[in-house]
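I opened this notebook to record, entry by entry, what I looked up in the structure.

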Amino acid sequence: MIEFTLISLIGVSYLGIMIAYDFTPIQSAKQKFIKVYPNFISSHLDTLLNCPKCVSFWLGLALYTDLIHAAVAGLTGHLLSHLLDRIKVWYE
């Protein structure tokens with residue numbers, strides 16, 4: 001369990017975004033992990049592991065062991081993801 005501070009919250013949220021789609025080296029391993037399971041479980045894992053809000057929430061729940069802190073981490077992950085998407089569109 002880590003202490004809930006603003007820096008750790010932003011770090012956990014961005015780590016969730018990196019796991020979901022930004023950090024390229026783990027994406028192929030993540031897709032292979034998803035395809036190991038049957039079709040029904042695979043579709044749910046695909047949704048779970050490719051959603052920055054979901055990954056940030058579950059990562060926050062595992063690290064903070066508190067539902068409220070995990071919910072804030074999920075919301076922050078969603079907001080950071082939206083902000084990063086807006087920045088990418090702005091530069092195109």
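Predicted model: local features only at pLDDT ≥ 70, side-chain atom pairs only at ≥ 80, totals over all residues.

**Entry 1.** Residues are numbered from 1 along each chain as its sequence is written, and side-chain values use heavy atoms, with hydrogens and water left out.

**Entry 2.** The axes of helix 1 and helix 4 (residues 52-64) come within 8 Å and cross at roughly 130°, the axes being lines fitted to C-alpha atoms over the stretch in contact, with angles from 0 to 180 degrees between N-to-C directions. The two helices are therefore oblique to each other (under 35 degrees is roughly parallel, over 145 roughly antiparallel, 65 to 115 roughly perpendicular, and the rest oblique). Among the residues making the contact (heavy atoms within 4.5 Å) I noted Val12 and Gly16 of helix 1, and Val55 and Leu59 of helix 4. By class, this contact has 12 nonpolar, five polar and no charged residues (Ala, Val, Leu, Ile, Met, Phe, Trp, Tyr, Cys and Pro count as nonpolar, Asp, Glu, Lys and Arg as charged, the others, Gly among them, as polar).

**Entry 3.** I then turned to helix 1 and helix 5, which pack at an angle of about 60° with their axes 8 Å apart; this crossing is right-handed too. The contact includes Asp22 of helix 1 and Lys88 of helix 5, and its residues divide into 10 nonpolar, four polar and three charged.

**Entry 4.** Which residue forms a salt bridge with Asp22? I found Lys88, the closest N and O atoms being 3.7 Å apart (the definition asks for a side-chain nitrogen of Lys or Arg within 4 Å of a carboxyl oxygen of Asp or Glu). Lys88 lies in helix 5 (residues 67-91) and Asp22 in helix 1 (residues 6-22), so the pair ties together parts that are 66 residues apart in sequence. Lys88 is partly exposed at 43% relative accessibility, and Asp22 is partly exposed at 25% (buried is under 20%, exposed over 50%, partly exposed in between, with a 1.4 Å probe and protein chains only).

**Entry 5.** Finally, I noted that the protein has five helices and zero strands (DSSP runs of H or I of at least four residues, or of E of at least two, numbered from the N terminus). Of its 92 residues, 28% count as buried.

Terms used:
Left-handed = near helix turned anticlockwise from the far one by under 90°.
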